[in-house]
Amino acid sequence: MNYKESIEKYEQLQGHKALQLRAVLFDMDGVLFDSMPFHADAWSQVMTEAGFNFSREDVYMNEGRTGADTINTASIAQFGHPSTPEQIEALCKAKCDIFATYPPTPRMPGALELIEKVKACGLTPMIVTGSGTPTLLDRIQSNFPGLFDENHIVTSFNVKRGKPYPDPYLLALEKGGFAPNEAIVVENAPLGVTAGVAAGLFTIAANTGPLKDSVLSNAGASLVFPSIQALCDEWDNLYAALS
Ligand code: CA
């Protein structure tokens, strides 16, 4: 992969100043935690039981949306109208109930080492997630102890419009005090990539799920890695190109 070329292409496209990296904005599910197989199982089960044609792949295509957005998008596609608030509440609860029966989600291989490398470069790591579970902060602190400041985490509680809108990433820039040319995004999902690009950020994808790489590059990812471990292994080379 030619990093310099991808970076120059991004700078031309966005028309802003050259990258001066100060922060790395990480998505959470499918990037820091290997949680997507669980989400895919739980959502596809609940949606199928409710009469939707909703496969595990559909879960990955909708990844990043809030629960309500996911259900409404599926309902409009299949029935031509959004779901009722009652159905949305019931389906979200059913999904959470199933999810709660699963074992704790493991850390993504390579994620801890990658964050440590980012920190060692003097950069600020942030988390930007569409998730909003009550135990989220505890889970981050126990898996990545001392690596993320609480003020450097954006969750679904903080924004009205989730991904693929740029809002979560724009809020992260605001919270951290960074300009768009001072941060990059690490995402695993097409809608997350769309959100990062819409916020004007250089967006890297790690393809940790079943979708084709082209789905992520078509969404606007400047670089696509096969895994977080691969991104971690390449970090020094990539950072040299970014600096
Ligand atoms: Ca994700």
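Reader: Among contacts in the protein between residues at least 6 apart in sequence, what percentage join residues at least 24 apart?

Author: In this predicted model, 67% of the contacts between residues at least 6 apart in sequence join residues at least 24 apart.

Reader: What makes the protein as compact as a globular protein of its length?

Author: The secondary structure comes to 11 helices and 6 strands. The radius of gyration of the protein is 18 Å, and the globule rule gives 18 Å for 243 residues, so the protein is as compact as a globular protein of that length. Along the principal axes, the C-alpha trace spans about 50 × 35 × 30 Å, and buried residues make up 49% of the 243 residues.

Reader: Which protein atoms are called donors of the calcium ion, and how far from it do they lie?

Author: The protein donors are D27 (OD), D29 (O), E63 (OE) and N188 (OD1), which lie 2.1 to 2.3 Å from the calcium ion; because the cut-off for calcium is 3.2 Å, these atoms count as donors. Along the chain, the donors follow the spacing D-x1-D-x33-E-x124-N.

Reader: How far apart are the mean positions of the positive and negative charges of the protein?

Author: The mean positions of the 17 positive and 28 negative charges are 3 Å apart. As for the accessible surface of the protein, it comes to about 11000 Å², of which 53% belongs to carbon and sulfur atoms.

Terms used
Residues numbered from 1 in each chain as written. Predicted model: local features only at pLDDT ≥ 70, side-chain atom pairs only at ≥ 80, totals over all residues. Heavy atoms only, no water. Donors = N, O, S within 2.8 Å, 3.2 Å for Na, K, Ca; no water. Helix = DSSP H or I, 4+ residues; strand = E, 2+ residues; numbered from the N terminus. Rg over C-alpha atoms; globule rule 2.2 N^0.38 Å. Buried < 20%, exposed > 50% of the residue type's maximum accessible area, 1.4 Å probe, protein only. Contact = heavy atoms within 4.5 Å. Areas by Shrake-Rupley, 256 points an atom, 1.4 Å probe, with all protein chains shown as cover. Lys, Arg positive; Asp, Glu negative; His and termini not counted. Charge placed at Lys NZ, Arg CZ, Asp CG, Glu CD.
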